[in-house]
Amino acid sequence: MRTHSRRSLLGAGMAAAGSGLLTSTGAYALDTRNGRHRHHSHHTPPPPDGHGSHGSATAGYVSPDGPEVLKAERARGSGPVRRFSVTASEAQFDMGGQVVDTWAYGDLLPGKEVRVKAGERVAMTLHNRLPHSTTIHWHGVQIRNDMDGSPDVTQRSVKAGASFDYGFAVDIPGTYWLHPHVGVQLDRGLYAPFIVEDPREPLSYDHEWIVMIDDWLDGVDGMTPDAMLDELNKDKPGGGMSGHSEMQRGGNRAAAAAVARMRRRARHRMSDDPSDNIEYPFHVMNGRVARDRETFRAKPGDRIRIRLINAAAGTAYRVALGGHNMTVTHIDGYPVQHKETDSLLIAMGERFDVLVTAKEGVFPLTALSAGGNNQTAQALLRTGSGDAPDDKIRPTELRSGGLSADKFKAASSVRLSDSEPDRTIKLDLTGNMDDWDWAINGKPYSASARYPVEQGERVRITFHNTTTMWHPMHLHGHTFALANGGPRKDTTIVLPDQEVSVDFDAENPGLWMLHCHNVYHSESGMMTVLGYKSQK
């Protein structure tokens, strides 16, 4: 993946510091059993009784650093350790002529990829040089619970100026990514790909191209994601939920205008339109706007694996490579029965791996905002000479509307076994655009909320979307299966006035977030916690 950084303020890159074997006795010899904060962080793991100021392991539930979690971690193996570090800091980036202030990992947009092999262990030190606390969530990874990065549930946020050591084993290959889980920090530049290679990779290809797609408002006309969240929630009792009072007046005005446009547009939106709630000023592909697009170079006939990651906070995309069909091989990290298509519909948080055989010429890889406002992010595939197509081009392949994940079947090697559920959890997705009262079963998020499951159960979650908006629902620490042999996933689209049932095996004990991956929905209340009951 080519990354581009311009006019940095602060930051140091995410750097691998080599790998080696460490002795393990069930926890890491590098002492990441509970994560270790450094400097003056004052961060300790939540007390197991849940009665501390940041306690989360309510009595009767597994603690995020409890013996059940450590046992599950030992079962993932004790392979070599790969060491990394990353600095989260303030930065500036050039959006095609407009320089924006934002936050980023290591002064790169996206952050530098973290790449390991299945069977290895990750040792990542996060240095927080932001003016606010933060965490890292490892999206899609079946991770030990105390390393999941969920503030006030699995860990305390890493304070400004502090550092934190994440350490965990990875045993399932796939395309994943990392981002904060504090407030609306996801809608800044804080994200990077996390690739877990398969030591027995069955696919054959000549090149790999990681593509992260994002919507962008941070730093435009003084706007920030926190100002946007406050504007959306300003009519609620107590006002916005972001807790920030330092937003500039100009940013608040820009946010207010964007919200007004969004609500006018929503009145005319069709029910099958996965509208991005907010009209974002920019859409970027690997950190670059269309008029300053990245070029990936290959030769005619080369076979390219493209790992597509939707890192956007509020936008689903229809994605196509002009002049080519794509063969889908994996969704959300898991193999599917291969299927060829001319375009895809990718919701926030979803990942699709595709194979393409490159033709000769210059071709646009285009992500069209699925909200109907005709905004695009774009990059180029170049295999020969010739002029690049205009950056406003819309490949004809986009006309089909794009296949969504529910149109695929899991590969036989990962298909969830047939079994009736031991437990069914019914979750109504509630709220509306005017009141911005997003919730689950009518209750906004509380860190003390628990939907209980027990180790070893087959659990079915039935989502019923009672709203007029799309919701990509994401479960931490697990992979679930869509119905009728559908793909294994961690994020699934739930359409308005529709029900979607997903099944998973409860094999990763702890406390796990479940939320809409539209960050302005989740941070306004559409979020809850699944908790494993203690077996004691």
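Tutor: The chain exposes about 19700 Å², and carbon and sulfur atoms supply 46% of that area. Accessible areas come from the Shrake-Rupley method with a 1.4 Å probe, and for residues only the protein chains shown count as cover. This is a predicted model: local features need pLDDT of at least 70, side-chain atom pairs count only at pLDDT 80 or more, and totals for chains, interfaces and linings use all residues. Residues are numbered from 1 along each chain as its sequence is written, and side-chain values use heavy atoms, with hydrogens and water left out.

Now go inward. Of the 536 residues in the chain, 61% are buried. Buried means under 20% relative accessible area, exposed means over 50%, and partly exposed lies in between (1.4 Å probe, protein chains only). The chain has four helices and 32 strands. These are DSSP runs, numbered from the N terminus: helices are H or I with at least four residues, strands are E with at least two. Take the contacts with a separation of 6 or more: 77% of them join residues 24 or more positions apart. Contact means heavy atoms within 4.5 Å.

Next, the nonpolar cores. A nonpolar core is a set of buried Ala, Val, Leu, Ile, Met, Phe, Trp, Tyr and Cys residues joined through side-chain atoms within 4.5 Å. The largest one holds 92 residues. Trp138, Phe194 and Tyr520 touch the most other members. Strand S3 (residues 81-95) gives the most to this core, with six residues. A second, separate core has 38 residues, including Leu308, Ile331, Val336 and Phe408.

Stay with Phe194. Leave out residues up to four places away in sequence. Phe194 then touches Val114, Val116, Val122, Trp138, Val141, Phe168, Val170, Gly174, Thr175, Tyr176, Trp177 and Leu178.

How many cavities of 30 Å³ or more are there? The count comes to five. A cavity is a set of points, on a 1 Å grid over the protein atoms alone, where a 1.4 Å probe fits but cannot get out. Lining residues have an atom within 4 Å of a point. Grid points are joined across faces, edges and corners, and a volume is the space filled by probe spheres set on the points. The largest cavity has a volume of about 90 Å³. Strand S31 (511-516) and helix H4 (519-522) each give two or more residues to its lining. Among the lining residues are His179, His181, His515, Cys516, His517 and Glu523. The lining divides into four nonpolar, seven polar and one charged. Here Ala, Val, Leu, Ile, Met, Phe, Trp, Tyr, Cys and Pro count as nonpolar, Asp, Glu, Lys and Arg as charged, and the others, Gly among them, as polar.

Now helix H2 (residues 225-233). Nine of its nine residues are buried, so the helix is largely enclosed by the rest of the structure. The buried residues include the charged Asp226, Asp230 and Glu231. At 59% relative accessibility, Asp221 counts as exposed. Asp221 also has a positive phi of about 55° although it is not a glycine.

Strand S11 (residues 207-216) contains Glu208. Apart from neighbours within four places in sequence, Glu208 is in contact with Arg115, Ile195, Phe296, Arg305 and Arg307. Glu208 and Ile306 are 98 residues apart in sequence and 5.9 Å apart in space, C-alpha to C-alpha.

Turn to strand S4 (98-105). Thr102 lies in S4. Thr102 is buried, with a relative accessible area of 2%. Not counting residues up to four places away, its contacts include Ser89, Phe93, Arg188, Trp216 and Asp218.

Last, the loop between S4 and strand S5 (114-117), which holds Pro110. Most residues other than glycine have a negative phi, and most peptide bonds are trans. The peptide bond from Leu109 to Pro110 is cis, with omega near -5°. Asp107 is found in the loop between S4 and S5. Asp107 has a positive phi of about 60° although it is not a glycine. At 13% relative accessibility, Asp107 counts as buried.

How values were computed: On a 1 Å grid over the protein atoms alone, a cavity is a set of points where a 1.4 Å probe fits but cannot get out, and a pocket is an open set with protein on both sides within 12 Å along at least five of seven lines; lining residues have an atom within 4 Å of a point.
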